Amino acid sequence: MLEPRTPHNEDQRIETLLKLKILDTPETDRYDRYTRICNQLFGTPIAVISLVDRYRQWFKSVCGLDAKETPRNISFCGHAILAGDVFEIPDATKDSRFRDNPLVTGRPNIRFYAGAPLKAPNGHNLGTLCIIDRRPRSLNIEETILLKNLADMIVEDMVRFIDLSTGLENRNALIETCKHYKNEQDSELKLSLALFDTNEMFNVLTTGKMRNRWCENFAKQLRSLFPETKLVAHLGGNHFAALLESKNPFRQSNRLNQLYASPGVALESEGCGALFPDFVGCIDYNRNDYASAEDLVRFIDKKFFGKQRDQVSEREVAN
């Protein structure tokens with residue numbers, strides 16, 4: 001048996017995987033639909049959405065197999081993430097890399113395997129969408145393309161609420177969370193959005209690792225200062241928002257200004273000293289003020305981060 005080798009970008013690949021915050025999360029129908037569809041489309045008894053962690057492959061969804069994870073050193077998917085295309089084994093018993101693999105000699109008695117890499121937008125292969133059969137077979141060109149397309153759709157689902165450049169939630173997550181709370185029945189529930197602009201800070205924090213450290217630090221301090229923080233989102237570019245929940249709404253500015261008294265927020269960088277974002281303002285989000293959460297985010301983009309930012313009234317911004 002040949003154990004899968006470690007990719008040259010393994011640390012960065014694992015970092016991207018962890019940012020998705022998907023490992024060890026409960027089963028969801030969104031992902032289970034993909035594996036059920038695979039079994040029906042390809043006529044295989046087993047289909048798996050597998051994420052390759054540092055020492056294991058963990059299954060976000062599995063159809064036809066009674067397992068949640070297996071060791072990485074015996075995994076087929078560990079080999080598949082090294083490929084740029086679909087990794088296919090027509091008959092594992094005739095392949096020197098796998099014929100004495102315990103997943104071949106024992107349950108689930110793999111013969112055929114095909115895995116399409118789950119490639120993140122930053123190029124890292126996080127795992128696979130794989131189909132498995134207990135008899136030898138192969139894919140035709142149309143089936144190969146279909147498997148790749150399904151894998152791409154899964155990645156789109158995985159990253160749609162996460163900003164991979166910072167590891168924070170993105171504007172899609174902010175919109176979905178606002179939608180959720182707009183439908184809440186609790187009439188006393190009030191939300192506020194604290195808005196920040198890093199200006200040229202990200203131009204100073206030139207490396208991705210430095211940016212990530214700062215964003216993690218900044219989000220940690222926000223959540224510490226506001227236990228009711230629902231999410232900290234990177235809206236794109238230099239713009240950030242924190243969604244705050246309170247049963248007794250009040251102006252958040254004083255507590256937000258405490259951020260700048262905490263040394264944990266600043267990140268010392270070579271030659272640039274302590275770095276802080278601009279606190280742009282805080283807006284109360286009353287569920288009846290906007291037709292939709294999308295309208296709220298469009299308002300924020302225009303009034304707070306657009307050319308008209310200086311024209312925002314005192315009623316709209318608490319400084």
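**View 1. Seven bridges join strand 5 (residues 112–119) to strand 6, and the two strands run antiparallel.** The model is predicted: local features need pLDDT of at least 70 and side-chain atom pairs count only at pLDDT 80 or more, while totals for chains, interfaces and linings use all residues. Residues are numbered from 1 along each chain as its sequence is written, and side-chain values use heavy atoms, with hydrogens and water left out. Helices (H or I, at least four residues) and strands (E, at least two) are DSSP runs, numbered from the N terminus; two strands pair if DSSP finds at least two bridges between them. Lysine 119 has asparagine 125 of strand 6 as its bridge partner. Five residues lie between the strands in this hairpin, where glycine 123 takes a positive phi near 95°.

**View 2. Strand 1 (residues 46–52) is joined to strand 6 (residues 125–133) by six bridges, in antiparallel fashion.** Alanine 47 has isoleucine 131 of strand 6 as its bridge partner, and valine 48 has cysteine 130. Strand 6 is mostly covered, with nine of its nine residues buried (under 20% relative accessible area, with exposed over 50% and partly exposed in between; 1.4 Å probe, protein chains only).

**View 3. An open sheet is formed by six strands in the order 3-2-1-6-5-4, with antiparallel pairing.** Strand 3 (69–71) and strand 4 (87–89) are the edge strands, each pairing on one side only. On average, neighbouring strands of the sheet are turned by 25° against each other, direction ignored.

**View 4. Histidine 79 is found in helix 3 (residues 77–80).** Its relative accessibility is 8%, so histidine 79 counts as buried. Apart from neighbours within four places in sequence, histidine 79 is in contact with Leu2, Glu3, Pro4, Phe87 and Phe98 (contact means heavy atoms within 4.5 Å).

**View 5. Helix 2 (residues 29–42) packs with helix 5 (residues 141–159) at an angle of about 175°, their axes 11 Å apart.** That angle makes helix 2 roughly antiparallel to helix 5. Angles under 35 degrees count as roughly parallel, over 145 as roughly antiparallel, 65 to 115 as roughly perpendicular and the rest as oblique; axes are lines fitted to C-alpha atoms, for helices over the stretch in contact, and angles run from 0 to 180 degrees between N-to-C directions. Helix 2 contributes Arg30, Tyr31, Tyr34, Cys38, Leu41 and Phe42 to the contact, and helix 5 contributes Glu143, Leu146, Leu147, Leu150, Met153, Ile154, Asp157 and Met158. By class, the contact has 11 nonpolar, no polar and three charged residues (Ala, Val, Leu, Ile, Met, Phe, Trp, Tyr, Cys and Pro count as nonpolar, Asp, Glu, Lys and Arg as charged, and the others, Gly among them, as polar).

**View 6. Strand 7 (residues 169–170) pairs with strand 9 in the parallel sense over two bridges.** Asparagine 170 has histidine 234 of strand 9 as its bridge partner. Six of the eight residues of strand 9 (residues 229–236) are buried, so this strand is largely enclosed by the rest of the structure.

**View 7. Helix 10 (residues 293–303) has Ala293, Leu296, Val297, Phe299 and Ile300 as its buried residues.** They cover an arc of only 155° around the axis, which puts them on the same side of helix 10; the arc is that of the directions from the helix axis to the C-beta atoms.
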